[in-house]
Amino acid sequence: MSEEQKPGWRSIPIAGIITEPGSAMKYKTGDWRAYRPIIDEEKCVNCLLCWIYCPDAAIKRGEEKVSVDYEYCKGCGICANECPVGAIKMVEERR
Ligand code: SF4
Ligand code: SF4
């Protein structure tokens, strides 16, 4: 199944039942986000704490700095809370 054909979060089975291992990758859950994390690359010291703490593995490690995969980020704000230098701000999602 290509990226474009992936079902949205409304297709997740009732009660979040996991019917097969690794199935979370099939559902783009980013569209239920109410707040969006924005990383300030100037402030980021690449400590990777956001990458460690993100419960959705939505922080991606780049060559030099981290980035957010908005197709899966649910906007929980944990990354912003854990960033030791305040490099992540949560802003209201506008669609
Ligand atoms: S807001 Fe939550 S889901 Fe999104 S990148 Fe941060 S920790 Fe991960
Ligand atoms: S926690 Fe903050 S400083 Fe550390 S990698 Fe993430 S954004 Fe950068």
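Okay, let's start with a cysteine: Cys44 is buried, at a relative accessible area of 13%. Buried here means under 20% relative accessible area, exposed means over 50%, and partly exposed is in between, using a 1.4 Å probe and protein chains only. Cys54 is buried as well, at 17%. As for disulfides, meaning a pair of cysteine sulfur atoms within 2.5 Å, the structure holds 0.

Quick housekeeping. This is a predicted model, where local features need pLDDT of at least 70 and side-chain atom pairs count only at pLDDT 80 or more, while totals for chains, interfaces and linings use all residues. Residues are numbered from 1 along each chain as its sequence is written, chains are lettered from A and ligands numbered from 1 in the order in which they are written, and side-chain values use heavy atoms, with hydrogens and water left out.

Now the ligand. Which residues are closest to ligand 1? Cys54, Cys73, Cys76, Gly77 and Cys79, out of 13 residues that surround it; a residue counts if one of its heavy atoms lies within 4 Å. That shell divides into 9 nonpolar, 2 polar and 2 charged residues. On that scale, Ala, Val, Leu, Ile, Met, Phe, Trp, Tyr, Cys and Pro are nonpolar, Asp, Glu, Lys and Arg are charged, and the others, Gly among them, are polar.

On to salt bridges. Side chains of opposite charge can pair when their charged atoms come close. The rule is a side-chain nitrogen of Lys or Arg within 4 Å of a carboxyl oxygen of Asp or Glu, and the count comes to 4.

One of them joins Arg33 to Glu93, with the closest N and O atoms 2.7 Å apart. Arg33 sits in the segment before strand 1 and Glu93 in the segment after strand 4 (88-92), so the pair ties together parts 60 residues apart in sequence. Strands are DSSP runs of E, at least two residues, and helices are runs of H or I, at least four, numbered from the N terminus. Buried or exposed, what is Arg33? Buried, at 4%, and Glu93 is buried too, at 14%. Arg33, Arg36 and Glu93 are linked in a network of salt bridges.

Then there's Lys74 with Asp56, at 2.3 Å, N to O. Lys74 is in the loop between strand 3 and helix 2, and Asp56 in the loop between helix 1 and strand 2 (59-61), 18 residues apart. Lys74 is partly exposed, at 26%, and Asp56 is also partly exposed, at 26%.
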